[in-house]
Amino acid sequence: MSSFHYLFIFGNLLLIFISLTKAASLDERCESNPECIGTGLICHSNLCQCEAPWYKPCNAVCDIQRQSVYEGDACRVDDNCMSHARCDNSSRRCVCRETFSSFNGICRKKYNETCVGNDECVSNICDFSLRRCTCGDGSVPLNDGRCRRKLARLYPNWEQANENKDFCYNNYSCLNLLATCRNDGNHTERFCQCPPNGYTSDFNNQKCIANEIERLSPMNEQTSTDSTTCVFCKDNNAVCTNVSTKDTCWCRAGYDKVENECKNIRYKFIFPTTTDSMQHSFSSGCSINESRVSVQDSLCSCAAYQEYDAATRHCKNIERQWISEHFEYGICTRIKSDEVAQGPISELCPPPLQCRANGDKYVCSCGPNKFLQSNASEAQCVYRLGKPAENSYCPMNADFINGTCVCKAGYNQVNEDRRCELVLEYQETLADCSTSGSIQANNSCKISFGGAARYCRPGVCRCDPTISFPDPGSARCHGLLGVSQPETICPPGSKLPSATTCECSDENRKSNDNRRCDPKSLLYNWNEGTVNQADLRREDCEKLYSGLLADFNLASIKVCQCESTAFKGPSGKECWPLLYTNLTRNILLCYIPNSTPSLTNNRRCICQSGSRPSNSMKKDCDRIRARLEEPIVIDIPDVDPISANDCRELFGGLSELNNSRCVCPEIISFANNDRSRCHGFLNTPTGLPTLGDSDCPQHASRNRNLVAVAICQCNAGFVPSQDNRICVTADIPLVGTEEPLSASNCTNTNFTTDNCIAKYGIDSFCANNQCWCNRKLSFKTNDNRCERFSRYIFPGLHERHNVSCDVDADCTRDNVDINTVECTRRTSATDDYKVCVCKHGLFLNPLTQTCESRCPSDCNNRANSVCNGYDCVCKQAKFNFDNDRCITQHSDVCKLLIDNSECFQDENKCVCKSGYYRDENLCALSVDSRCTATEQCGSNGICSGQRCRCADGKRTQDATDAFGRSIQRCINGVDQIRFSFISVLLFIFVRIFFI
């Protein structure tokens, strides 16, 4: 048999054996490694798993973990190893390539060895001119081939630094954390010195001692008299920052000054992440409250000159009031989260105010020597009285004279030079008034209070008591009746028969004190008058009163009376006709509310349909109180009984009258639940031409296309109930949120997007015979609604000061888990304020102000998966801060585990940044470093006066950070045995009796 035949038989047998062998993929059950088919798969715990750490699972395959294995560790392929290393075939471990040395798992070249690129050198610096690895400026080579930064001491001058050849290259090359590296202006070499402002130098102990200031800005004077420059502030919640031209202490973001103390004014508010606002339209149609809202950072936010109202969750106008000359209309300075002043902020000052510098602060201001004057139509900036003015914009009642605003003659300058005041005093004497008032001053009084007003003293006028009297109601001087006088204002009810004298009109009489004109007669009801007015005429009554006035009967008492068929109205000025009573004359107006002239009798007033008098007096029209199918009895004499028109007015156009009852025709209509309305049966012709939408059940309206038959039909999205009495939503569930692929994708003709909108809101749609919320525009609420994102307003960029935060704990509330929120800059590292946002992978629920996941509910049960937003994604490998090496990891891997840490490439491990030290599970600031929260100062420290100090019972210990710089850390204060008086006595007692 030829070799070809043997090969053919062997190949077929091999195929048969392979077909009989069990094959399994990732996460499928197995008994041994050969059963797992695929690159990098092994059988582990009876499941096919990726062989870790050289392969990683993603979806259904295993990917090679590239450049993830350090020198000396086990590998499978070369790609597993770090750069400049390979996987040794015999040992299956990563080894450095020739000419490279190992430095804690990474392969690099030592100082002065040949190189072609920076990444080859352990110092990351290759001198391309020499093609050798070298150290950077300020660093020196060590015996093991690495470079270490050389740290310089503090010196008072160049001469001492030069004597020790101890110069620096940058601030990080100074041994003292606070020192700066700079020259003295006379030499190019730089040496370490304490900062020039706010510090004193202690060269013996190599320390920079910072100034600590107690007084807070903004200050009440134009400029501070304190010449000390701050570095730290005594108030724990104050920061030293530069505003205008001076470094002073200001309350930090989220705090305001109250009596030289910083008080927390924040309200807790959570913002969506940038990813959240990119995936969801938080700003679609920001038309709430018209111009009060604008789009900022892709959010509907309070516009300029508006502020967020936490109580209503809407925006309201910023209102500014005058405070003082130094604060004018309020502060428009804010301190950002990075402790730098923000200003001027024009959005905080409603026009015409502007944000301007004023001493150590920015304030809302009209400008130098100006203030805001408001009247009924507008607000305008005008010059203060007596101050230099560039134009004639002066306060009311002031004149522009010789470059300044001056009150008109007679007016008094008040209210911090912002108002010209002139008042009318009600004392009826001029005896104590000045006699030296100018003609102009008297004219000012006459213009303001009438021709009988006289100047008394600056800002005060009085009425001349010989010819007038003051009227408090109108603040005017009224002329005395019958007294001759010039330019007078007559009392009400009087006339000017001549140019100089006030007299009462014919229908009135003069009072005994000559100050009033009283009517000759009051208005009385029929036969009510008791005082005869002999000089009273019929025309006098007609001038005084209106309506159905009685004719004079010469034999009766002369008074103004209503007719016997009328009564005195509520104002006492009209005679209203009685209802359902035959009157003595035709009438066009019935006066009584809800009454009307009778269509059949021009001399009769009746109640409108649906109303009747409340009692037999017949002086009002009250709505009939009744229900459908109840007897309605009108038992007032001469008043019409219930009518069909009354039924239609009370219960709708479909109602009919049947035996003194209002009823609904059974075939075409029915009474609603509280029997207050007749509603037409759905899809049933009513034959009522005037059928209106109010005659139809809720969520139904008249079909405008079928005019003749007048039918009630359900509105779009609603369906009739079985008895055709109500419109209900369709029996279709709201499943979740999704991107709408088309307007409607429902195959069942019984369901449409209209059904979803009717039941769950305008942003829902139908797909696969289910309702979904439009994911881009809305979210699903707990009570099954599609709530639009853009319904919710966020504080504007100009007011983020009030919603800022310092640490994650500032973001928690009763319903907010600290594990779901974080305090950070929302859109970028350059944001002015740190605010509370949802953590990565979570979305904001703006209704509840909480953070939630919206990925599939079974995501956490899927192997190697984790929830991120709407999606399940592959898990990332865990990293150990202390034990794992960091160069192969994500650039921020150390920071993601512990804040203020970094990957120290010289040693390939995570360390705390310069100026920090490791304290339990955080990197803590060195003692005397600037801080904003106690958490930054470690377990034994506190943040007090904007700097880290040791807590009570703790003490400082000298140390160095990971880069060799001098720091101080806080440790337990019990460092030696301390004997108290009682412990000494106890020792003596034991010594005497037991030893």
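Predicted model: local features only at pLDDT ≥ 70, side-chain atom pairs only at ≥ 80, totals over all residues.
Residues are numbered from 1 along each chain as its sequence is written, and side-chain values use heavy atoms, with hydrogens and water left out.

**Entry 1: two loop residues**

I looked up K618 and found it in the loop between strand 55 (611–612) and strand 56 (622–623). Is K618 buried or exposed? K618 is buried, because its relative accessible area is 12%, and buried means under 20%, exposed over 50% and partly exposed in between, with a 1.4 Å probe and protein chains only. Leaving aside neighbours within four places in sequence, I listed the contacts of K618 (heavy atoms within 4.5 Å), among them L578, Y580, P613, I636 and D638.

I then turned to T501, which lies in the loop between strand 44 (494–495) and strand 45 (503–504). T501 is also buried, with a relative accessible area of 13%. Not counting residues up to four places away in sequence, T501 touches G482, V483, S484, K495 and L496. For one of these, S484, I noted that its C-alpha atom is 4.7 Å from that of T501, although the two residues are 17 apart along the chain.

**Entry 2: a sheet and a core**

I traced an open sheet of three strands in the order 24-71-70, with mixed pairing; two strands pair if DSSP finds at least two bridges between them. Strand 24 and strand 70 are the edge strands, each pairing on one side only. Five bridges join strand 70 to strand 71, and these two run antiparallel; within this pair, V821 stands opposite C838 in strand 71.

Which of its 31 residues touch the most other members? They are I270, F271 and F794. The elements that give two or more residues to this core are strand 24 (270–271), strand 26 (299–302), strand 70 (821–825) and strand 71 (834–838), and strand 71 gives the most, with four residues. I also listed the contacts of I270 beyond four places in sequence, which include F794, V821, C836 and C838.

**Entry 3: a hairpin**

I found that strand 78 (residues 916–919) and strand 79 (residues 922–925) run antiparallel and are joined by four bridges. D919 has L922 of strand 79 as its bridge partner. The two strands form a hairpin with two residues between them, and E920 in the turn has a positive phi of about 55 degrees.

**Entry 4: annotated spans**

In an unreviewed entry, UniProt lists several spans as "domain: EGF-like", including residues 74–108 and 229–263; UniProt positions are given in the numbering used here, feature names are shortened, and annotations may be inferred rather than shown by experiment. For residues 74–108 I noted 0% helix and 34% strand, with the end C-alpha atoms 19 Å apart. Residues 229–263 are 0% helix and 54% strand, and there the end C-alpha atoms lie 23 Å apart.

How values were computed. Core = buried A, V, L, I, M, F, W, Y, C linked by side-chain atoms within 4.5 Å.
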